[in-house]
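Try each task before you read its solution.

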Amino acid sequence: TLLLNIIAKKIPASLELVIGTRPPELASSLIVEAANADKATYTDRWIILWGLVRDVRTSAYGSLILKLKGAADDVAILVDKTNMNRLGIDSNTNLVDRHVIAFGKYTVPDTGRPHLRVENDGLAFNPRLRRARPKAE
């Protein structure tokens, strides 16, 4: 997977990524490690943000806020309820110390706390999350 290749530093400099209907972009300009994701550079840009989850909080709207270890400007990943339901996660899911990768727009709201809002299903974890199978009746 992309996340495993990023962690292993196996992404070729010339690799182009195509996301949805967007034109091809160099992976090197699109993929940003949390430690380098400062708001001066990335505000209002669409990026792939990755890092290690250090804390999980719940927003006032019930979404999850993933705080990342060593993140520049304390940028976080905002996971909406649609993605929470898709992955079968909530505030009780153990996400701390998992690598995470997310695609979305780097945003700095009026609070001044930068975050990446996950676009569609652009979120994954390593180790992978496994949804519980429904119990047979």
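The structure holds two aromatic pairs; rings of Phe, Tyr and Trp (its six-membered ring) pair if their centres lie within 6.5 Å. This is a predicted model, where local features need pLDDT of at least 70, side-chain atom pairs count only at pLDDT 80 or more, and totals for chains, interfaces and linings use all residues. Residues are numbered from 1 along each chain as its sequence is written, and side-chain values use heavy atoms, leaving out hydrogens and water.

**Exercise 1.** Classify the pair formed by the rings of Tyr42 and Tyr106.

*Solution.* Begin with the geometry: the ring centres of Tyr42 and Tyr106 are 6.5 Å apart and the planes meet at 35°, so the pair is tilted. Planes under 30 degrees apart would count as stacked and over 60 as edge-to-face, with the rest tilted. Helices (H or I, at least four residues) and strands (E, at least two) are DSSP runs, numbered from the N terminus.

**Exercise 2.** Find which strands pair with strand 7.

*Solution.* Strand 7 (residues 99-107) runs antiparallel to strand 4 (residues 46-58), joined by seven bridges; pairing requires at least two DSSP bridges. Here His99 stands opposite Leu52. Strand 7 also pairs with strand 8 (residues 115-126), again antiparallel, over eight bridges. There, Tyr106 has Leu116 as its bridge partner.
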